[in-house]
Amino acid sequence: MRKLIIPFAILFVLFGQGQIFSQYTAGKQSNFTKQDRLRGSITPERAWWDLLHYDLSLEFIPRKKQIKGSNVIAFKTLKPGKKMQLDLQPPLKITNVIFGKGKLKFEREGNVYWVYFKKPLKKGKKYKIEVFYEGKPTESKNPPWSGGVSWKKDALGEDFIATTAQGIGASIWWVNKDHGYDEPDNGMRINITVPERLTAVSNGRLKKIEHDKARKTRTFHWEVINPINNYGVNVNIGNYVHFGEKFKGEGGMLDMDYWVLAQDKEKAEKQFKEAPRTIKAFEYWFGKYPFYEDSYKLVEVPYLGMEHQSSVTYGNGFQNGYRGRDLSRTGVGLKFDFIIVHESGHEWFGNNISMIDSADMWIHEGFTNYSENLFVEYHFGKKDAEDYVIGTRRNIRNDQPIIAAYGVNKSGSSDMYYKGGNMLHTIRHVINDDKKWRGILRGLNKDFWHKTVTTKQIENYISKRAGIDLSKVFDQYLRTTKIPVLNYIILGKEIKFHYENVVKGFAMPLRVKINGKDYSITPNTNEQTLKVSDEIETFKVDRNFYVKAKPIRC
Ligand SMILES: [Zn+2]
């Protein structure tokens with residue numbers, strides 16, 4: 001039992017920006033339920049229709065911890081269809097589904113609702129339905145790692161409310177098609193009604209505020225015009241004040257807006273200087289910020305933080321590091337605000353390029369973990385960056401593969417963060433051409449702009465652009481828990497070496513130093529010999545490669 005308890009405790013303390021540790025509860029393939037498959041796969045009842053737009057109107061009633069509203073779902077039919085799958089998790093309930101002037105029949109099966117059209121809808125047409133729902137949503141016990149609504153109070157006793165949904169799914173608080181493959185092509189409106197003294201902040205831009213004096217409520221109309229991840233949709237409610245700035249970036253003028261509690265404004269004005277320099281570094285490495293039209297926002301919340309699209313949420317205490325700590329234990333982690341940098345990195349990897357299946361979550365977390373060291377490199381130089389990414393290897397567990405089972409809404413090991421980041425750092429050094437590497441990172445964000453993808457698409461793209469077949473490298477680090485071991489033996493002027501603990505066909509090149517001089521070797525599982533001119537006194541594998549070197553004793 002101890003084994004189980006320790007990892008949980010360590011993980012919750014150390015890791016966990018926007019990642020659910022579902023792998024510990026996932027169990028074996030055979031333990032997956034019908035509900036897991038309905039949630040995690042592209043069912044026939046999802047496949048026939050393509051999302052165009054959501055128009056979500058929701059009232060938050062803090063006094064009763066209730067929400068009530070509707071979502072207008074606009075879609076295009078890809079095939080004729082009659083039975084539609086929507087997702088909404090209990091205790092929330094759909095009360096009505098309106099299509100044209102009539103009501104549609106619907107029934108619940110666990111977290112899924114089946115909606116029945118009276119006759120099949122024709123292929124290639126656009127339609128809208130309005131789905132009404134209400135209830136007391138699940139309360140998040142540990143945001144952002146558990147989803148739901150957090151009905152908190154701020155330090156002055158005012159309501160401070162937030163939604164979180166990663167992993168468990170957006171259907172924990174709003175009715176939608178809860179699968180990563182399909183995003184609303186034309187974005188989303190989020191209209192939030194709250195008691196009049198409070199302010200509601202959501203994704204995209206604030207279009208208008210309506211004040212209903214009789215009901216003593218205000219409704220905040222937010223609009224996102226780009227496709228959006230459903231777990232990236234969020235609502236935050238509190239005693240917010242706003243300040244902002246403009247950033248001249250690769251896509252023109254970017255509006256950067258900050259929403260913080262009135263009492264925290266002074267601290268935020270200082271700490272949020274991190275935001276423009278974050279965007280600057282990431283535009284250099286990844287290309288232009290993906291949502292200029294929707295602006296960039298930092299929004300204070302009563303939990304650590306999350307990569308909500310165009311409204312990065314922030315609760316890192318206006319201090320550097322990860323809650324003031326350095327995840328790399330090198331000192332470098334205290335040079336920046338982890339939450340601003342990490343969660344903003346997700347705007348490129350997570351929100352711009354989004355995984356289709358949760359099994360491929362490393363695309364979000366591996367690249368974003370890696371982005372932290374690119375931020376460091378841009379602002380503090382290469383040595384700090386290397387110290388940082390290599391320093392975070394101490395957090396790698398090699399407990400389970402990074403890629404999990406497909407089709408059941410499960411994500412793999414938390415190694416997707418630090419091991420994912422170190423795999424990418426290693427690949428950069430295999431490619432050994434920084435200009436090309438930056439071109440690949442920018443190319444990914446351009447060629448998969450606002451797209452949902454599989455890991456294979458990403459892996460193949462990198463191999464192709466690198467001109468190196470990296471498929472075995474990805475297999476090794478993403479699909480096994482084994483770290484390559486380079487066995488070597490020095491015999492005078494010769495060194496013999498081979499890989500062990502690797503997948504079949506693994507032959508990743510390495511940079512090594514012999515007597516202080518650089519050499520390139522391409523080991524495989526067969527023994528090779530390298531001869532140099534002098535007696536070999538020192539041998540070292542370049543630290544940037546995530547492998548272990550092991551001398552063989554005679
Ligand atoms: Zn993350």
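Which does Arg197 count as: buried, partly exposed or exposed?

Guide: Arg197 counts as partly exposed, because its relative accessibility is 46%; buried means under 20% relative accessible area, exposed means over 50%, and partly exposed lies in between, with a 1.4 Å probe and protein chains only. Before we go on, this is a predicted model: local features need pLDDT of at least 70 and side-chain atom pairs pLDDT 80 or more, while totals for chains, interfaces and linings use all residues. Residues are numbered from 1 along each chain as its sequence is written, and side-chain values use heavy atoms, without hydrogens or water.

Now back to Arg197. Its side chain meets that of Glu158 in a salt bridge, with N and O 3.0 Å apart (a side-chain nitrogen of Lys or Arg within 4 Å of a carboxyl oxygen of Asp or Glu). Helices (H or I, at least four residues) and strands (E, at least two) are DSSP runs, numbered from the N terminus.

Asp55, Arg189, Lys207 and Glu223 are linked in a network of salt bridges.

A further pair lies within one helix. Glu459 and Lys456 form a salt bridge of 3.7 Å, N to O, and both are in helix α12 (residues 455-466), three residues apart, or about one turn. Glu459 counts as buried because its relative accessibility is 3%, whereas Lys456 is partly exposed at 41%.

Let us visit another buried polar residue. Asn544 is in the loop between β28 (539-541) and β29 (548-551), and it counts as buried because its relative accessibility is 4%. Its side chain makes a polar contact of 2.8 Å with that of His425, and another of 2.8 Å with that of Asp542. Here a polar contact is a pair of N or O atoms within 3.5 Å; within protein, one must be able to donate a hydrogen and the other to accept it, and residues adjacent in sequence count only if both atoms are side-chain atoms.

The nonpolar side of the picture comes next. In the largest nonpolar core, which has 93 residues, Tyr296 and Trp362 touch the most other members; such a core is a set of buried Ala, Val, Leu, Ile, Met, Phe, Trp, Tyr and Cys residues joined through side-chain atoms within 4.5 Å. Helix α10 (residues 415-431) gives this core its largest share, eight residues. Apart from it lies another core of 58 residues, including Ala165, Ile192, Tyr231 and Tyr240.

Finally, the whole chain: it holds 13 helices and 29 strands, and 60% of its 554 residues count as buried. Along its principal axes, the C-alpha trace spans about 90 × 55 × 50 Å.
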